[in-house]
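Hello,

Here is the structure I promised to pass on. Please open it before reading further.

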Amino acid sequence: MGRKKDKEIIGELTSKKYPYGFVSDFDSDTIGKGLNEDVVRLVSRKKNEPKWMLERRLEALEILRKMTPPKWANLKFQNINLQDIIYYSAPKKKASLASLDEADPELIKTFNKLGISLEEQKRLAGVAVDVVIDSVSVSTSFKDKLADLGIIFCSMSEAIQKHPNLIRKYLGTVVPAKDNYFAALNSAVFSDGSFCFIPEGVRCPMELSTYFRINEAGTGQFERTLIVAEPGSFVSYLEGCTAPQRDENQLHAAIVELVALDSSEIKYSTVQNWYPGDKNGKGGVYNFVTKRGIAHSKAKISWTQVETGSSITWKYPSCILKGNDSVGEFFSIAVTNNFQQADTGTKMIHMGERTKSTIISKGISAGKSNSSYRGLVKINRRAKNSRNFSQCDSLLMGNLCGAHTFPYIDVKNSSSVVEHEATTSKIGEDQLFYCNQRGLGNDEAIAIIVNGYCKDILQKLPMEFAVEAKKLLELTLEDSVG
Amino acid sequence: MLKIENLQCSINANPVLKGLNLSVKPGEVHAIMGPNGSGKSTLASVIAGNDNYDVDGGDINFDNQSILEISPEERARMGIFMSFQYPVEIPGVSVSNFIKTAVTAMRKFRGEKPLSSSDLLKAMKENMDLLKMDSGFLSRSMNEGFSGGEKKRNEIFQLAMLNPRLSILDETDSGLDIDALKIVANGVNRLRSAENSFIIITHYQRLLDYISPDHVHILSDGKIVSSGSAELALKLEKEGYDEITK
Ligand SMILES: Nc1ncnc2c1ncn2[C@@H]1O[C@H](COP(=O)(O)OP(=O)(O)O)[C@@H](O)[C@H]1O
Ligand SMILES: [Mg+2]
């Protein structure tokens, strides 16, 4: 099933009331700002969670209490006050607009540039959408098809209710609460997210997209995702969407855990386009994400990301290559413009023998933005004959932005090979003039230059996602040279 | 078509062109010759609208209007093409994609629909045959790892695809062996017409053996010091710049 059909389904899903967890009769004012045990208990109770889940949340809270927020050299932001955040509120129903004419014209302009259909625009802008009768059957057949194969794809809340054994077995095994400050926070208060389970030997026949999961759940301030691929299975998973996501919640701290059992493969693609703040750097989402996968014997995990949004991005999708002959890949495009800051990269932890990892990171900085690549390649003593190849390229536009590369390499045996390449280039005036001379305006020129620079990675994305991502890159960098 | 009057330009406050006059009519081929550093590339760049150069005085008219305030992309869309002395690399952008984007931009300006992929490919194939380029060229990334000769051929290939009214060839002949030179000259000759004009900037006379110019100008220290027919180029070749610019 292509994305077109997925999109049809969205209409149906979002027009339904969200059936799990949050209930709309609960007045969000009854619980104020702040984080404490009562709040965690309340979150769990409202979601009707079993006792074991509550206990896990409380444990995480205990861990969080003993931690202090991390400090990073290359990100500048005001301290986040956890007591100033509301941890429980019923998803606010956005005031419904009668038609697109009432929506923010800037937003509509952006939608048009991204080629988002009118129906879709209405939904994203919060215009009441009629239920399309036809899409009910589409959705049903989609769910039936997955169910026939034994694939589970549902919200985390639903999974906790319906598949407690799987959740108990896998949740928190890849990213434990104690992993880092934001992981502890998420583990204590996570709101919702997605769960996906692919049984042994099954190739998931379609791209699974969180696109509709997120929208179904309302804002995902503390999202939690778990994907389990049983031996010999395959799944390609898409997170996010190219449409700009506005959110009044400034702090986003998500966790994504991937478990790739023997000889399975998980391909995880992200397009992240949170609101980056305005031209002066005001507003914008802080995106602190912990993403990690564990690859068992002969398994493969592949992270592909296109990061264009957020005012601050902090994320390092990582692979623990635990089993022999397992493979980890990280392909990333991170664009920063205006006052955006991005600190992203990956960690490849080689534990098994003959494990292989590839890292290709492309940073693009424009305006006064700053982007850093921070990567760790660690090859343990036991991980004999392992290999890593890393390539980190930075592209600068103008003289006010910055790009930094911090590769950390730690190899504990002599039979392994690590290669690292890094380049920094600038979109030169001569390149722009050359394109201008062939009739291309500055925006078109930048688009073609940037797409050329990112080509290797765009090719890794599922086809239709790649087309959207390309447009998104162009849009993000529009007007970035004057 | 093109009328340059008393043009004075500088780069980094360094005067380069010091009162240059040139007039090109439709269908004419003008050769501009001159020693290194005399301002040939500057002239080409300023006509094309490169804003690294400051225009300190004079005017450039194209189709009877001053183009000094017009952006380089608009000048290109009006039909001004420059074959670069040093073509720029654009990594990851294939020749075919680049040309497609350029052709589409030009057509859009003229209010024409984009060419279908098959029509575009057909046009590319024809011009590649004309320039004796093999089809593998199309998928290579723009000028990346190209030999000097390949870069120049790629420039003429774009010229052929865009079919401009005024083409400025900045030392297209340098870096070409004699066979390549003939091929490029042959390509240019095929594009000559009653409407299309050429300014051929060259350091040597040999390209003019294959593209015969209507007028030859000698540029020295930012000024045209001598103009004449094709014979002037031969004389220059024999006597050297020093003699003529004296
Ligand atoms: N970036 C620059 N800064 C200062 N002077 C320059 C610069 N570029 C070119 N020039 C000077 O301008 C003059 C003309 O250069 P150019 O037009 O390239 O000459 P030509 O193409 O005839 O060899 C030369 O004297 C050169 O030194
Ligand atoms: Mg020159």
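My notes on the two ligand sites follow.

This is a predicted model: local features need pLDDT of at least 70, side-chain atom pairs count only at pLDDT 80 or more, and totals for chains, interfaces and linings use all residues. Residues are numbered from 1 along each chain as written, chains are lettered from A and ligands numbered from 1 in written order, and side-chain values use heavy atoms, without hydrogens and water.

Metal first. B:Ser41 (OG) and B:Gln85 (OE1) coordinate the magnesium ion, ligand 2, at 2.0 to 2.3 Å. Donors are N, O and S atoms within 2.8 Å of the metal (3.2 Å for Na, K and Ca); water is not among the atoms, so the site may look incomplete. B:Ser41 sits in helix 1 (residues 40-48) of chain B, and B:Gln85 in the loop between strand 6 (80-83) and helix 3 (95-109), so the pair ties together parts 44 residues apart in sequence. Helices (H or I, at least four residues) and strands (E, at least two) are DSSP runs, numbered from the N terminus. B:Gln85 is buried at 15% relative accessible area; B:Ser41 is partly exposed at 23%. Buried means under 20%, exposed over 50%, partly exposed in between (1.4 Å probe, protein chains only).

Now ligand 1. Its oxygen atoms lie 2.8 Å from a backbone N or O atom of B:Lys40 and 2.5 Å from a side-chain N or O atom of B:Thr42. The protein covers 63% of the 570 Å² of accessible area that ligand 1 has on its own (Shrake-Rupley method, 1.4 Å probe).

Best wishes

Key:
Polar contact = N/O pair within 3.5 Å; in protein donor to acceptor, adjacent residues only side chain to side chain.
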